[in-house]
Amino acid sequence: MEMEWRRFCGDRWREMGARERRQLEQSSGLADTLRVCGRFLRLKEMAIFAQLSAQYSTRKDPAVELEFKQRGNAQFKLKDYAHAVALYSKGLHHSSTHSSQAALLYANRSAALYQLQRYQECLVDIERAQGHNYPHELLHKILARRTACLQRLGQADGASDLCSKEHLNARGRGRARIQSQPTTGGAPHGQTKTSGTLCEISPSIAVRSDSSRGRHLVATEELRPGEVLLQEKAFAAVLIPEGARREPFSNEDMYCHHCLEWTELPVPCLTCSFSSYCSELCRENAWNQYHWLECRLGGFLLALGTFTQLALRTVLLAGIQEIQGTEKLESGADQRSIGECSVRHNPDHKVELSSCFSGMSEVGNGMPRDAQSRYQMIHSLLTHTRLQTPEHRFICGLTAAAVCQEIRRMGLESQLVSDKLEQPAIIAQGQGLRTLGVALLRHHLQLVCNAQAITAVRVTGGGHSHVAEMEEVRIATAFYCTVSLLNHSCEPNTSITFHNTTIIVRASQYIAAGQEVLHCYGPHWSRMAVRERQQALRSQYFFHCQCTACVREEGKVGMDSLLGQFLCSYCGVELQDSKEAHCTCLNSSCRLIVSKQALFQQVKKVRDQIGFARHLSTQHPDKALRLLSECQQLACTLVSGQHPLQGEIEDCLAQTHASRGDWLVAARHMRKSKELVQIQYGAQSVELGKELFKLAQILFNGHVVDEALSVTEQAENLLLLHCGAEHEMVIELRAMKSCLQTLPSQFARSPKLYRRE
Ligand SMILES: [Zn+2]
Ligand SMILES: [Zn+2]
Ligand SMILES: [Zn+2]
Ligand SMILES: [Zn+2]
């Protein structure tokens, strides 16, 4: 989405004359950079802005409202009620307040909800329809529905059949999810409650500081796997739009734009067609804190991308007065941090993130306590101004200047500086925008190293297949204060999960007292070869990684010691890897030389084919199976039996057989896939947990009770450790386990008998 603006800035940078470039390169400090960049905002740039803003327009549009209503009605006729609900919701984004069109959409949605037997929500929508000038002559329709709902709700206190085969599938595709059930009983660890507090830190960890690692977190006593070390609410978080504006199943339609709560029946912003919330309360809070401005910037802001939005939201949440106060407090800190950076501009010098804090006042054990010191902590993250490319600095500077100019053009500056709307502005005209611009530039530069992706669990996998795959998808990007203290390791000793905007950091293994608590910034040893990792870390985070995995692997030749071996296509013996662009057959009488490029291309070809088969697996399983058997033949001549590619094929075979109801065959393939995942990621990995989760579902559906029970337990233990007791997969596994335990044992050992039931 933001690519176009970036591309435009990049072109602008390349067109720039030598003199102009020198001016930029010589600018000292953020304020100076901003001033120089501001000079590049001329008519041409403003015209581009107008164009982009129009492209991302967030105005409510009655034509779009009508279009979604009609599409919703069409799905309703086809009895795809879930899809109809989503389309009506999408239409409501474009409804103007209290219009009778909105009332009709609510009424239609209530009808779809009724069909889905979601009576409680149906009642809410009926009420909303009534509150939105619902046409009097149609009133009897919704009143009849209301009565029917109340009757159904009265009857519905019967027992729910947990053991139905539809149980796992009831949640639909990537849509529904289990209501978070309070988990009772003695869970040994991993129990978390995300309370309202901003940050909770285990008393067993503390902040330390030394010259090589900077500020970092260490264990003060032994930590057990699964133990929660840190829970922190994001200082600011911004949803990443998927941009599929005509389709109802994208991030921006599924999560509250304020608290990131998963929400199927969102409450839209009263003014724009973009933002929507889980509740009226979130809508109100968002409006008061930042959306009053963001809403008016609308498409303009969307065109500039999520980092700009996050930088602006950070400023608005902190408030201009707070920022100016912090700047006074740290006057000179800006200069100092630039000085520090230039000492470290040699990319081989290790610069860890936590050493990026400067001039921060310590509170208690070094952790921030209240909102004010939290902003100070964000403020003091290093910008790495001198390590980032001049082009990137230019883009950030130009973007910040553009936002300021737009706010001035719209006459919103005075509202910006009066922190609380009722207070008179005590900041001189012009000063507020300057503070805003510098802060935007600062935060934008900081985000390169400090943005934390927030993920959510989404159910994927074949629509009618009984094997739900739960995938972590990136839904937002955020600023965290304390989490920024964690240093990177390609082999971290923690796992992270999210609950809305709260990040939860757990120990993933025993951590001895005195050991550093480490987190992975992305490049993980099990997914990337050492050279790739180091390259990625150096270019994004400006340091040379010397973690245990890097030290262990650095001496080894080979592109991917962990990714299994390639085979000689001529004689079938393993190929020996080298640092060159080719591999040589190990067989002394063959010695075939193969280019790595060609090998990678073949792997890609097989992967593409697996992807295609996955796509076909539910609707056309026979076709999928044919494709997969071709894949297998190809893979056998290309890679050794332990290569992950073989596992990917087995996994897809399992899913395809499962979609035909061939549970026992599916289980055979899934077991193989599980073994390969274990080899690749290790016996304690979260990846193995996810694979066991899939195997458990297949065994459950195939009524292979004893094995299902033991696999369920293994999966539960692993996932509990990495993700905690409230994770969707853990909840699902517990439901399966309790169901399996209630099965009478004679059925348990005789699947056929059970099936006849
Ligand atoms: Zn919310
Ligand atoms: Zn809005
Ligand atoms: Zn490393
Ligand atoms: Zn050979």
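With angles of 106 to 114° among its four donor atoms, the zinc ion (ligand 3) sits in a tetrahedral site. For four tetrahedral donors, the ideal angle at a metal is 109.5 degrees. Keep in mind as you look around that this is a predicted model.

So who holds the metal? The zinc ion (ligand 3) is coordinated through the SG atoms of Cys490, Cys545, Cys547 and Cys550, at 2.2 to 2.3 Å. Read along the sequence, these donor residues follow the spacing C-x54-C-x1-C-x2-C. Take Cys490 and Cys550: they are 60 residues apart, and the pair links distant parts of the chain. Cys490 is in the loop between strand E10 (487–488) and E11, while Cys550 belongs to helix H20 (residues 548–554). Are these two buried or exposed? Cys490 counts as buried because its relative accessibility is 0%. Cys550 is buried too, since its relative accessible area is also 0%.

The loop with Cys490 runs between E10 and E11, and E11 takes us to the sheet. Here you'll find an open sheet of four strands, in the order E1-E4-E12-E11, with antiparallel pairing. Its edge strands are E1 (199–201) and E11 (494–499), each of which pairs on one side only. From one strand to the next, the twist averages 15°.

Now zoom in on the E11 end of the sheet. E11 pairs with strand E12 (residues 502–507) in the antiparallel sense, over six bridges.

For a last stop, go to helix H16 (residues 390–409), where you'll find Ala401. Why does Ala401 count as buried? Its relative accessibility is 9%, and the cut-off for buried is under 20%, so Ala401 qualifies. What does Ala401 touch, leaving out residues up to four places away in sequence? Its contacts include Leu34, Gly38 and Leu41.

Terms used: Residues are numbered from 1 along each chain as its sequence is written. Chains are lettered from A and ligands numbered from 1 in the order in which they are written. This is a predicted model: local features need pLDDT of at least 70, side-chain atom pairs count only at pLDDT 80 or more; totals for chains, interfaces and linings use all residues. Side-chain values use heavy atoms; hydrogens and water are left out. Two strands pair if DSSP finds at least two bridges between them. Helices (H or I, at least four residues) and strands (E, at least two) are DSSP runs, numbered from the N terminus. Axes are lines fitted to C-alpha atoms, for helices over the stretch in contact, and angles run from 0 to 180 degrees between N-to-C directions. Buried means under 20% relative accessible area, exposed over 50%, partly exposed in between (1.4 Å probe, protein chains only). Contact means heavy atoms within 4.5 Å. Donors are N, O and S atoms within 2.8 Å of the metal (3.2 Å for Na, K and Ca); water is not among the atoms, so sites may look incomplete. Four donors count as tetrahedral if all angles lie between 85 and 135 degrees; four count as square planar and six as octahedral if opposite donors are over 155 degrees apart and all others between 65 and 115; anything else is irregular.
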